[in-house]
Amino acid sequence: CYESVPCYAAALHDGDARRFILALKYRNMRPLGEAIGREMARLIPRQEAELLVPLPLHSGSRRAFNQTELMARGISSRWEIPVGEGLLKWRVSSGAQTEKRGKARRALTFDSFEGSPELAGRSVVLVDDVYTTGGTVRAAKFALQRAGAIVKAVLVWTRRVSAPERPGAWPEDGEYWL
């Protein structure tokens, strides 16, 4: 989130946390969506906002459901903040982010998303599943702000880290935390 708003990840993109999100997205295990959201709400400090805004499913997706919307519903059930469904949309057809690497992921333009005029003056929390390079989150956050929303935080289930950032490589004094 580059010092712009608090950005919280419930887990690293590894082990069971990674397996859960992959099962939700690619094995159609929809009940995991709300369960993941409830766990996010338990692990991440409650945010004060009027709406939870899930990242939209990319245009052209073959998936019949939006995993981040399910996750937002799980968070909502614990935090009692409503989910703003359909308030953020893709403006461009970008294809699945999982098919892209590094530079292509970061190359999303700031006009990739469009926020609804209904967001003007409302405080929101953006919900996404996996933070890889941050390109999608940055573009979505920009669209929310351009629509007049006040983005209070970004919540993600997992955060991918490159090899030099793996926990085993972190200093013992705990100086560097996500």
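**How do we know? Questions about a predicted fold**

Mentor: Of the contacts in this protein with a separation of 6 or more, 80% come from residues 24 or more positions apart. Contact means heavy atoms within 4.5 Å.

Trainee: What kind of model is it?

Mentor: It's a predicted model, where local features need pLDDT of at least 70 and side-chain atom pairs count only at pLDDT 80 or more, while totals for chains, interfaces and linings use all residues. Residues are numbered from 1 along each chain as its sequence is written, and side-chain values use heavy atoms, leaving out hydrogens and water.

Trainee: How many helices and strands does the protein have?

Mentor: Five helices and six strands, in the order β-α-α-β-α-β-α-β-β-α-β from the N terminus on.

Trainee: Why is A23 called buried?

Mentor: Buried means under 20% relative accessible area, exposed means over 50%, and partly exposed is in between (1.4 Å probe, protein chains only). A23 has 7%, so it is buried. You'll find A23 in helix α1 (residues 15-26). Beyond its neighbours within four places in sequence, A23 is in contact with N28, M29 and L32.

Trainee: And what makes N28 partly exposed?

Mentor: Its relative accessibility is 47%, so N28 falls in the in-between class. N28 sits in the loop between α1 and α2, and has a positive phi of about 60° although it is not a glycine.

Trainee: Why does E80 count as exposed?

Mentor: E80 has 70% relative accessibility, so it goes in the exposed class. E80 is in the loop between α3 and β3 (88-90), and its phi is also positive, near 55°, in a residue other than glycine.

Trainee: Why is α2 called oblique to α3?

Mentor: Start with the numbers: helix α2 (residues 31-43) and helix α3 (residues 67-79) pack at an angle of about 45°, with axes 6 Å apart. That angle is why α2 is oblique to α3. Angles under 35 degrees count as roughly parallel, over 145 as roughly antiparallel, 65 to 115 as roughly perpendicular, and the rest as oblique. The axes are lines fitted to C-alpha atoms, for helices over the stretch in contact, with angles from 0 to 180 degrees between N-to-C directions.

Trainee: Which residues make the contact?

Mentor: Among them are G33, I36 and M40 of α2 and L70, G74 and W79 of α3. By class, the contact has seven nonpolar, four polar and five charged residues. Ala, Val, Leu, Ile, Met, Phe, Trp, Tyr, Cys and Pro count as nonpolar, Asp, Glu, Lys and Arg as charged, and the others, Gly among them, as polar.

Trainee: What makes β1 and β2 edge strands?

Mentor: Four strands form an open, parallel sheet in the order β1-β6-β5-β2. In it, β1 (7-12) and β2 each pair on one side only. Two strands pair if DSSP finds at least two bridges between them; four bridges join β2 to β5 (residues 123-131). Across that pairing, L51 stands opposite V124 and L52 opposite V125.

Trainee: Which way do the residues of strand β2 point?

Mentor: In strand β2 (residues 51-54), L51 and V53 point one way, L52 and P54 the other, and all are buried. In a regular strand the side chains alternate between the two faces of the sheet.

How values were computed
Helices (H or I, at least four residues) and strands (E, at least two) are DSSP runs, numbered from the N terminus.
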